Amino acid sequence: MAVDRPTEKKSDVPAGLWTRCDPCGATVYSKDLAENLHVCPECGFHQRVDARTRTEQLVDPGSFEEYWADLVSTDPLKFKDRITYKDRLKKAQQATGERDAIVAGKAYIRGRPVVLAVMNPAFIMASMGSVVGEKITSAIELAADENLPVVIVTASGGARMQEGMVSLVQMAKTSAAVAKLDDAGGLYIVVATDPTTAGVAASFASLGDVIIAEPAAMMGFAGPRVIANTIKSELPEGFQTAEFMLEHGFVDRIVARLDLRKEIARIIDYCGK
Amino acid sequence: MTRAAATNPVDALVGFTGAYLEFEKPLQRIHQDIQQLEREQGESRGDLSAEIRSQRTRLRTRTKRLYSNLTPWETVLVARHPKRPLITDYIQTVVQDFCELHGDRTFGDDPAIMTGFGRIAGHRVMLVGHNKGKDTKERIACNFGCAHPEGYRKAMMRMKLAAKYNLPVVCLVDTQGAYPGIGSEERGISQAIAVNLMEMSRLQTPIVCAVIGEGGSGGALGIGVADRVAMFEHSFYSVISPEGCAAILFKTGEQRKRAAESLKLTSKELKKLGIIDTVIPEPLGGAHRNPAEASANLEQFLAESLRDLKRRKVPTLVKRRYERLRNAGSYFETCQGKKKIRVTRATSPSSGTNRSATANRVARLDRTATPAPRP
Ligand SMILES: [Zn+2]
């Protein structure tokens, strides 16, 4: 139900002029990498990108209008582990310039108006607390109210432990919003990216009318270490990837990042939205 | 009103045959003293009844004191006690004429979630709940109450059946969590739970939920969306097990006590946070010491909730259920006008001539594709 994975990959944040691609070891000019939407030109590896970069990659230039930007969590549990949740939030806010792990609003994708919500793996592994839950719910409700398609780019380690049960109920809240949109006949497209797991996987991320996933994105419910400990053996190759989910029928299409805009537009058109 | 005959509270303490938990050792010593005195009395070595009476009073007051101040970690241990009543016990005591329905008609029958018709306090209901199993054999068979996707799908199928015939749904939650295994992932445990959350939110019939033991994260919530949510006094409900939380955040499993405190997983805390509506009181010394009284208390809660919910119109009920979920965790505020967060990186989307590499690529990708008409 919670973050149980490596939180950062070195290749996440291109710091200097050159970026090293972890899977293939190639050193790529950072500008080229950005121009290739952070997909390694050598091996095709889809790097994690933060929510602003992702938004920019998806929407018609300049068309994004942000909503609910000023929501912040109030630390309902007064949670403290090795550091307080308040400090953890502050650190993440300073490191990312964001208030929480999601960016949402309205935009155009190849001329089609959409409601867009993008989770931010750079912010406490995009774990879902009250702010993420509220913005996902508001985005889905806005789509229902204005008869717009909603596109949610998921990436999350799961529920935000530091908000305890308040974070768990966000799963029910967001899923209820999807039901409301469904009743209103609205279109909901999920774009699952690395990693879409645990409490987010077990709620709105699995409820799209169409679920597309980026290649090799990690997708699953339980943490791989937990599963390995339970079954007391090694996990099979490719377990809990987008390809695994496709094979087992829980992802509809795997779409490379460079084709996402085109594919989203195509689905919107087919649904007549 | 109930078939579960109430037992004298001290008789229940003295009659307890289960294992004592570490923190209950002082109670165990008094219990042993009473047993010793009773043996001596039986061998007619004089009249010890006054001494026995005073030890019984001591046992009662010490138990009461201990149990009214359980730490969160002690609560977790009580909720997991091997003698704690399970759904199968409540089926004997609270539910009449239980008619079990097996299977999800797609994959199989997951014994970790039981479903079926039954009567509670005169109301016809659909019962759905986790089963942890009574003995080793049963526990292994039902994976200690950890359900697979087919368990959640079986639950949903029965809830839809209930809605069709206007039967309220009663969910009893008691699980460490959904089963973490390969088959579980292959058969879509995420999707199964997600669908339950979505469908329960709009199910056209009343839903009452009670956490009777462990409320373990998504696996618990997967049958836990309801119009009334209650917890037994010494049960717990948490986003992650204290052990899991300790391993991840405190970097050592030894910190599970601290994790249990931080997570605010007790019935009292969750009532305060507005996550649950009702705390169902437990008998002296916990449900495992007096299942009959625990049953009576559960029955009373269910009877009152069912009577109340059945009086309401279903559309109103479903609307309220949505609003309740909608407001769940309103623990955020707007910070406009308040202190600004220091932005260390330019984040504004580019436009015009000063486009970023990304925007350039987006523009180029578009030129190569057929444009779509703006609706
Ligand atoms: Zn590469």
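**Exercise 1.** Determine whether A:K135 counts as buried or exposed in this predicted model, and describe its surroundings.

*Solution.* Begin with the neighbour count: A:K135 has 25 C-beta neighbours inside 10 Å, and because a residue is buried if 20 or more other C-beta atoms lie within that distance, A:K135 counts as buried. Then list the contacts, leaving aside neighbours within four places in sequence: A:K135 touches A:W68, A:L71, A:I102, A:A104 and A:A117. For A:A117, which is 18 residues away from A:K135 along the chain, the separation between the two C-alpha atoms is 7.9 Å.

**Exercise 2.** Classify the packing of helix 5 of chain A against helix 15 of chain B, and identify the residues that meet.

*Solution.* Two packed helices are described by the angle between their axes and the distance between the axes. Here the axes of helix 5 (residues 164–183) of chain A and helix 15 (residues 314–326) of chain B come within 8 Å and cross at roughly 135°. That angle makes helix 5 of chain A oblique to helix 15 of chain B. As for handedness, helix 5 of chain A passes helix 15 of chain B in a left-handed crossing. On the chain A side the residues are A:A172, A:K173, A:A176 and A:K180, and they meet B:Y322, B:L325 and B:R326 of chain B. Sorted by class, this contact between helix 5 of chain A and helix 15 of chain B has four nonpolar, no polar and three charged residues.

**Exercise 3.** Describe the side of chain B that touches chain A, stating which helix gives the most to it.

*Solution.* Start from the totals, in which 73 residues of chain B are in contact with 78 residues of chain A. Several elements of chain B each supply at least two residues to this side, including helix 9 (189–201), helix 11 (242–249), strand 9 (332–334) and helix 16 (357–367). Helix 16 of chain B gives the most, with nine residues. By class, the side of chain B that touches chain A has 40 nonpolar, 21 polar and twelve charged residues.

**Exercise 4.** Summarise the fold of chain B, and compare the span of its helix 2 with the expected value.

*Solution.* Chain B has 16 helices and nine strands, and buried residues make up 47% of its 375 residues. Among contacts in chain B between residues at least 6 apart in sequence, 72% join residues at least 24 apart. Helix 2 of chain B (residues 25–42) has 18 residues, and its reach of 26 Å from first C-alpha to last is close to the 26 Å expected at 1.5 Å a residue. Following helix 2 of chain B comes B:S44, with a positive phi near 45°.

Technical notes
Residues are numbered from 1 along each chain as its sequence is written. Chains are lettered from A and ligands numbered from 1 in the order in which they are written. This is a predicted model: local features need pLDDT of at least 70, side-chain atom pairs count only at pLDDT 80 or more; totals for chains, interfaces and linings use all residues. A residue is buried if 20 or more other C-beta atoms lie within 10 Å of its own, exposed if 12 or fewer, and partly exposed in between; C-beta atoms are placed from the backbone. Two residues are in contact if their C-beta atoms, placed from the backbone, lie within 7 Å. Axes are lines fitted to C-alpha atoms, for helices over the stretch in contact, and angles run from 0 to 180 degrees between N-to-C directions. Helices (H or I, at least four residues) and strands (E, at least two) are DSSP runs, numbered from the N terminus. Angles under 35 degrees count as roughly parallel, over 145 as roughly antiparallel, 65 to 115 as roughly perpendicular and the rest as oblique. A crossing is left-handed if the near helix is turned anticlockwise from the far one by less than a right angle, and right-handed if clockwise. Ala, Val, Leu, Ile, Met, Phe, Trp, Tyr, Cys and Pro count as nonpolar, Asp, Glu, Lys and Arg as charged, and the others, Gly among them, as polar. The expected span of a helix is 1.5 Å times one less than its number of residues.
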